[in-house]
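Reader: I'd like a close look at one part of this structure, the spot where a ligand sits. Could you walk me through that spot and then show me what lies around it?

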Amino acid sequence: MQSESTSRNEKLHVGIIMDGNGRWATRRGLSRVRGHEAGVETIRRIVEAAPKQGIGTLTLYAFSADNWRRPRAEVAALMTLLRFYLANEVQSLVRNGVRLTVIGRRDRLPDGIATAITRAEEATARGSALHLRIAVDYSARDAILNAAAKAAALTSLTREAFSQLVTGEAGLRDVDLIIRTSGEKRLSDFLLWEGAYAELHFTERMWPEFDASDLTAALAAFHGRERRFGGLRAIVPEEVPSLSRV
Ligand code: IPE
Ligand code: IPE
Ligand code: MG
């Protein structure tokens with residue numbers, strides 16, 4: 001079982017639903033694309049701030065499998081931003097010890113992006129200050145469905161083994177905290193398996209205006225919560241008799 005301890009000494013896994021780019025821009029009389037561009041600046045700020053705030057793994061929701069429903073021009077602009085991010089950001093990620101992995105489907109992305117992702121993952125593979133996971137063409141339900149299809153061939157299955165099939169990684173820490181900006185209060189198909197016991201934090205701030213102090217505030221609220229994992233006080237699940245067989 002992955003550790004779900006709430007100890008302040010353990011590095012947290014935080015997921016962020018980066019929402020509100022479009023509304024932020026529209027309210028300023030700007031195009032939605034300008035909002036997405038501003039959102040990339042926020043990603044830079046938060047990736048820099050995260051390791052200093054006790055975050056070991058940061059999963060950012062950049063493009064959902066349902067976002068293909070948006071107008072073609074907006075989708076194209078988002079893909080261009082992703083391409084630029086992968087091309088321009090790798091050096092700074094390496095310098096800051098950030099390991100980048102991208103989760104979600106790669107086969108529907110425009111030409112060249114899948115290759116750029118693989119290159120960025122390889123170039124940053126040794127980073128140990130922060131594990132940055134960017135979710136692109138991502139659907140949590142599809143991740144679970146694909147894992148189930150693979151699991152069907154196995155004769156025995158544990159939660160750890162199934163987690164690895166869902167997340168693509170052995171020993172990935174469950175998500176401790178999911179933050180959503182822009183005032184929406186839903187998960188929109190994000191980290192449904194890994195976030196089973198995640199604390200949820202919703203803020204009215206739009207993603208382009210979210211900054212390190214907002215992250216600090218979200219983490220302070222998180223540390224003020226008592227996580228019980230079904231028990232009566234904050235416990236480490238390893239103390240519980242094993243329930244890992246399904
Ligand atoms: C989040 O901002 C970014 C993506 C979903 C790609 P939105 O584009 O959803 O912004 P709003 O919700 O329309 O304001
Ligand atoms: C969720 O935001 C996806 C990302 C932030 C990438 P959406 O704006 O697409 O979600 P809904 O449609 O409001 O649920
Ligand atoms: Mg939105």
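Author: Start with R180: an N or O atom in its side chain is 3.2 Å from an oxygen atom of ligand 2, which makes a polar contact (a pair of N or O atoms within 3.5 Å; within protein, one must be able to donate a hydrogen and the other to accept it, and residues adjacent in sequence count only if both atoms are side-chain atoms). Keep in mind that this is a predicted model, where local features need pLDDT of at least 70, side-chain atom pairs count only at pLDDT 80 or more, and totals for chains, interfaces and linings use all residues. Residues are numbered from 1 along each chain as its sequence is written, chains are lettered from A and ligands numbered from 1 in the order in which they are written, and side-chain values use heavy atoms, leaving out hydrogens and water.

D19 also has a side-chain N or O atom 3.2 Å from an oxygen of ligand 2, and for S188 that distance is 2.6 Å. Of the 390 Å² of accessible area that ligand 2 has on its own, the protein covers 77% (Shrake-Rupley method, 1.4 Å probe; for residues, only the protein chains shown count as cover). Other residues around the ligand include I17, M18, Y61, F63, N67 and R186, where being near takes a heavy atom within 4 Å.

Ring pairs link Y61, Y138 and F190 into a cluster. Rings of Phe, Tyr and Trp (its six-membered ring) pair if their centres lie within 6.5 Å; planes under 30 degrees apart are stacked, over 60 edge-to-face, and the rest tilted. That rule gives seven aromatic pairs. Y138 and F190 have ring centres 6.2 Å apart and planes at 80 degrees, so they are edge-to-face. Y138 sits in strand β4 (residues 130-138) and F190 in the loop between β5 (177-180) and β6 (199-202), so this pair ties together parts 52 residues apart in sequence; strands are DSSP runs of E, at least two residues, and helices runs of H or I, at least four, numbered from the N terminus. Both Y138 and F190 are buried (under 20% relative accessible area; exposed is over 50%, partly exposed in between; 1.4 Å probe, protein chains only). By contrast, W207 and F210 are stacked, 5.4 Å centre to centre with 20 degrees between the planes.
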